[in-house]
Structure formats: C-alpha cells, structure tokens
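Hi,

Here is the structure I promised to pass on. Have a look at it first, then read my notes below.

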Amino acid sequence: MARSTVAISGYVSLGIAVVLIVVAFSTPYWLEADPRLPQMKFDKLGLWQQCFRSIYVPSDPFLGTYFTGCRWLFNPWTTDYDKLREELILKPFFVSVQVFFTLCMILSLVACIMVFMYAFCVAYDRRVCMLRTLSGVLLAAGISGLVAVITFGVYGDGRDWMPYPDHNYLSWSFALAVVGTFFDWVASLLFWIEANRIVRKERKEEAYAMQSKA
C-alpha cells in the first residue's frame with residue numbers, strides 16, 4: 001500500500017510525540033530549583049519522582065524528620081514520607097496533571113498500535129475509518145496533554161507549593177511535554193487530512209469509472 005507524504009509526516013510526528021512524552025513522563029525535571037543557591041530545600045521534581053536537599057513535613061512542629069535525595073512518589077520504605085507526600089507534593093492541581101498526562105501518554109501509545117494495524121492489518125476499504133479513529137485518539141491525547149501542561153505551567157511555579165518559588169523554574173522535562181503534546185496535535189491533523197485525501201481520491205476514481213461506462 002503506497003504511502004503519501006502526508007501519511008509519512010503523520011508517522012514521523014507521532015513517533016516524535018511518543019518519544020518526547022514518554023521521556024517527559026519518566027524524568028524528574030518538570031520543576032527545578034536554582035542550583036547556585038545553597039539554602040534551597042527543594043531540588044527538582046517530576047510527575048513520579050521528587051528530589052529534595054533538606055525539607056521537612058510542613059505540619060511537623062519539631063522539625064524532627066528531614067528528607068534529602070531523590071525518591072519515588074509512592075516510596076513505602078521512608079518513614080513519614082507519606083506525610084510529606086500528602087501535605088506538600090500531592091496538591092489537587094498536581095494530581096490532575098498526573099492524571100491528564102498519563103492519559104495523554106496512554107492514548108499516544110494506543111495510537112502507535114493503531115498505526116501498525118493500519119500499516120499491516122487493516123483491510124483496504126477500512127482505511128478511512130481507521131485513519132479518522134486514529135486522528136480522534138490523537139486529538140484526545142493532545143487535549144489531555146494540553147490540559148496537563150497548561151495546569152502545571154500555571155500552578156507548578158506558584159508561590160504556595162515548593163519552597164522559595166522565586167528561585168524555581170520550569171525545566172526541560174516540562175518543555176518536552178509541551179513539544180510532545182504539540183506533535184500529538186500535528187499528527188492528529190495530518191491523519192485527518194490523509195483520510196480526507198483518500199476519500200477524495202476514491203470519489204474521483206468512482207466518477208471516472210462511471211464516465212468510462214457511459
């Protein structure tokens with residue numbers, strides 16, 4: 001089955017999107033603290049891993065437990081880390097970012113599976129339906145990713161979350177999430193255009209066949 005330039009561009013866009021989204025999903029550089037300042041308590045943070053230089057549970061009046069180094073968000077082995085997680089890390093906006101960006105990644109991976117199905121398994125007369133479904137899945141992924149990055153962009157660097165917000169900044173994992181989400185939108189548009197191109201081509205072929213019979 002011949003592939004048009006539009007379809008190939010869609011494959012490339014989807015590939016870029018998936019790579020960037022998976023890397024952003026798994027790396028702890030959505031938010032970073034200025035490394036030049038020794039007094040910083042916070043170091044860096046991703047969706048599922050956080051790194052601190054020296055931080056304590058906000059409700060601990062005696063400052064009895066300090067946390068340093070990097071830990072998985074749901075670390076079950078560190079004493080009182082669940083308190084830090086509930087009181088400081090898992091703010092409602094951050095939970096929504098996790099949910100929507102996870103959905104974005106899952107839908108992007110589903111789209112990859114659909115691309116392989118389209119390339120090797122789908123019947124010739126089902127191409128348009130598959131491409132439009134693929135475009136819809138990527139649109140949903142793009143919307144989910146957009147909600148996630150906008151929410152984190154607005155609240156992630158806010159003054160009521162990590163310590164010393166004036167010295168924290170959105171970092172490269174967040175940037176990859178933004179670019180990956182953009183390529184989800186691009187791929188969705190390209191596959192929709194490809195579906196419409198096939199429809200127009202088939203209509204022209206049908207019209208030509210009818211004229212030949214006449």
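A quick word on terms before the findings: helices (H or I, at least four residues) and strands (E, at least two) are DSSP runs, numbered from the N terminus. Bear in mind that this is a predicted model, where local features need pLDDT of at least 70, side-chain atom pairs count only at pLDDT 80 or more, and totals for chains, interfaces and linings use all residues. Residues are numbered from 1 along each chain as its sequence is written, and side-chain values use heavy atoms, with hydrogens and water left out.

Going through some of the pairs: strand S1 (residues 31-33) is joined to strand S2 (residues 42-45) by 2 bridges, and leucine 31 has leucine 45 in S2 as its bridge partner. S2 and S3 are joined by 3 bridges and form a hairpin with 3 residues between them. Across that pair, lysine 44 stands opposite cysteine 51 in S3. Strand S3 (residues 49-56) is then joined to S4 by 6 bridges, again antiparallel, and phenylalanine 52 has glycine 69 in S4 as its bridge partner.

Contact here means heavy atoms within 4.5 Å; axes are lines fitted to C-alpha atoms, for helices over the stretch in contact, and angles run from 0 to 180 degrees between N-to-C directions.

**Salt bridges**

How many salt bridges does a search of the whole structure find? There are 3, where a salt bridge is a side-chain nitrogen of Lys or Arg within 4 Å of a carboxyl oxygen of Asp or Glu. For exposure I use these cut-offs: buried is under 20% relative accessible area, exposed is over 50%, and partly exposed is in between (1.4 Å probe, protein chains only).

- Aspartate 34 and arginine 36 meet at 2.9 Å, N to O. Aspartate 34 is buried at 12% relative accessibility, whereas arginine 36 is exposed at 70%.
- Arginine 85 and glutamate 86 meet at 3.6 Å, N to O. Arginine 85 is in helix H2 and is buried, with a relative accessible area of 12%, while glutamate 86 is exposed at 52%. Leaving aside neighbours within four places in sequence, arginine 85 is in contact with Leu73, Phe74, Asn75 and Leu90.
- Arginine 197 and glutamate 194 meet at 2.9 Å, N to O. Both lie in helix H5 (residues 172-213), 3 residues apart, which is about one turn of the helix. Glutamate 194 is buried at 2%, and arginine 197 is partly exposed at 28%.

**The nonpolar patch**

There is a nonpolar surface patch of about 980 Å², and its residues include Val95, Phe100, Leu139, Ile143, Tyr155 and Trp185. Patches are made of residues with over 30% relative accessible area and no salt bridge: like charges are joined within 9 Å, nonpolar side chains (Val, Leu, Ile, Met, Phe, Trp, Tyr) within 5 Å. The areas come from the Shrake-Rupley method with a 1.4 Å probe, and for residues only the protein chains shown count as cover.

Which elements give two or more residues to the patch? They are helix H3 (92-120) and helix H4 (127-155). H4 supplies the largest share, 7 residues. Valine 99, another member of the patch, sits in H3.

**Two more residues**

Leucine 189 lies in helix H5 and is exposed, with a relative accessible area of 53%. Leucine 189 and leucine 139 are 50 residues apart in sequence and 8.2 Å apart in space, C-alpha to C-alpha.

Tyrosine 164 is in the loop between H4 and S5. Tyrosine 164 has a positive phi of about 50° although it is not a glycine, and it is partly exposed at 35% relative accessible area.

Cheers

Key:
Two strands pair if DSSP finds at least two bridges between them.
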